Structure formats: structure tokens, C-alpha cells
Amino acid sequence: MGSRMDEAELVAWGRALGETLPAGSVVWLEGDLGAGKTTLAKAIAVGLGVLGTTASPTYALVHRYDGRRGPVHHVDCYRLKGTDDGRDLDWEGLAAGDALLVEWPDRAGPWALAPTVRVRLAHDADPAVRTMVVDR
């Protein structure tokens, strides 16, 4: 059973997570479309010290932000055509910074690095609420 939270609680949780993540962390963000993965990624980035605007890298695939301790990479694997496409990303290089946030990691297949933190988000009966399960 997961935790239920509204968007404000999700954002606060994400910021707190970002503030405590060790350098080099890999965070998997899983869930259906609209479940809050990008909202959570943005909040984690703020907790990591990223200033300015962050956006979903759905079309760019990878966005790089400057965090407090180094680069934060945000990868959205949704548009990968197959798991073999995941091999073309420099996973080790992306994870060498402060943190690597990965949306839709299952689409990268075996190429995605194992997570330090795995977050699964789901829609709730209440449309303003999400259910979250976290594995560390």
C-alpha cells in the first residue's frame, strides 16, 4: 500500500528527497501518463539546488540542469522506440553528476542503471490525489 498525497504534498516530498539524495543517485520515476512523474522530477531538482525553469525532456530525451553539487540529468524514456534505443544513452556519464532522474525507465530496458530510489506513482479515485510507493 502506498502513500496518498495531493500535488502540494508530492512537491514537498520531492524537494525533501532532493535535499537528502547522495551525489550520484539514480531515481526511477514510474507510473502512467499524468501520474505526476514530471512534477516530482521538478521538485526533486529544486531540492538538489536547481534554479530556474525545468521542463519535461519528453521530446529532447535528456535535459541537464546545474545543481548545488554538479549537474542533474533528467531523462524521459517515453519516446524510445524499443529497449535497444536505451543503449545509445551514456548512462554512466549521465549518472556521474549530482543525480540522474529517469522517467519511464522500463522503456530503456537493461541499459538503464539500477535505481538508488524507485518511485511508483498511480492515479487515485480522487483525481487530485496520487498514490506513491517508494523503494530504497
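## D135 and R120

D135 is partly exposed, with a relative accessible area of 32%; partly exposed lies between buried (under 20% relative accessible area) and exposed (over 50%), using a 1.4 Å probe and protein chains only. R120 forms a salt bridge with D135, the closest N and O atoms being 2.4 Å apart; a salt bridge is a side-chain nitrogen of Lys or Arg within 4 Å of a carboxyl oxygen of Asp or Glu. R120 lies in strand β6 and D135 in strand β7 (residues 129-135), so the pair ties together parts that are 15 residues apart in sequence. Strands (E, at least two residues) and helices (H or I, at least four) are DSSP runs numbered from the N terminus.

The model is predicted: local features need pLDDT of at least 70 and side-chain atom pairs count only at pLDDT 80 or more, while totals for chains, interfaces and linings use all residues. Residues are numbered from 1 along each chain as its sequence is written, and side-chain values use heavy atoms, leaving out hydrogens and water.

## Other salt bridges

The structure holds five salt bridges. One of them joins the side chains of R118 and E30 (2.5 Å, N to O). R118 belongs to strand β6 (residues 117-123) and E30 to strand β2 (residues 25-31), so this pair links parts 88 residues apart in sequence. R118 is partly exposed at 28% relative accessibility, whereas E30 is buried at 13%.

The side chains of D98 and R69 also meet in a salt bridge (2.5 Å, N to O). D98 sits in the loop between α3 (91-95) and β5 (99-103), and R69 in the loop between β3 (62-66) and β4 (71-76), so the pair ties together parts 29 residues apart in sequence. D98 is buried, with 1% relative accessibility; R69 is partly exposed, with 43%.

## Helix α1

The 14 residues of helix α1 (residues 7-20) should span 20 Å at 1.5 Å a residue, and the end C-alpha atoms are 20 Å apart, which agrees. The expected span is 1.5 Å times one less than the number of residues. At the N-terminal end, D6 caps α1: a side-chain oxygen lies 3.2 Å from the backbone nitrogen of A8.

L10, G14, L17 and G18 are buried in α1. Seen down the axis, the buried residues of α1 fall within an arc of 100°, so they line one face of the helix; the arc is that of the directions from the helix axis to the C-beta atoms. The face turned away carries the exposed residues A8, E19 and T20. Among the elements covering the buried residues of α1 are β1 (3-6), α2 (37-47), β6 and β7, where contact means heavy atoms within 4.5 Å.

How values were computed:
Polar contact = N/O pair within 3.5 Å; in protein donor to acceptor, adjacent residues only side chain to side chain.
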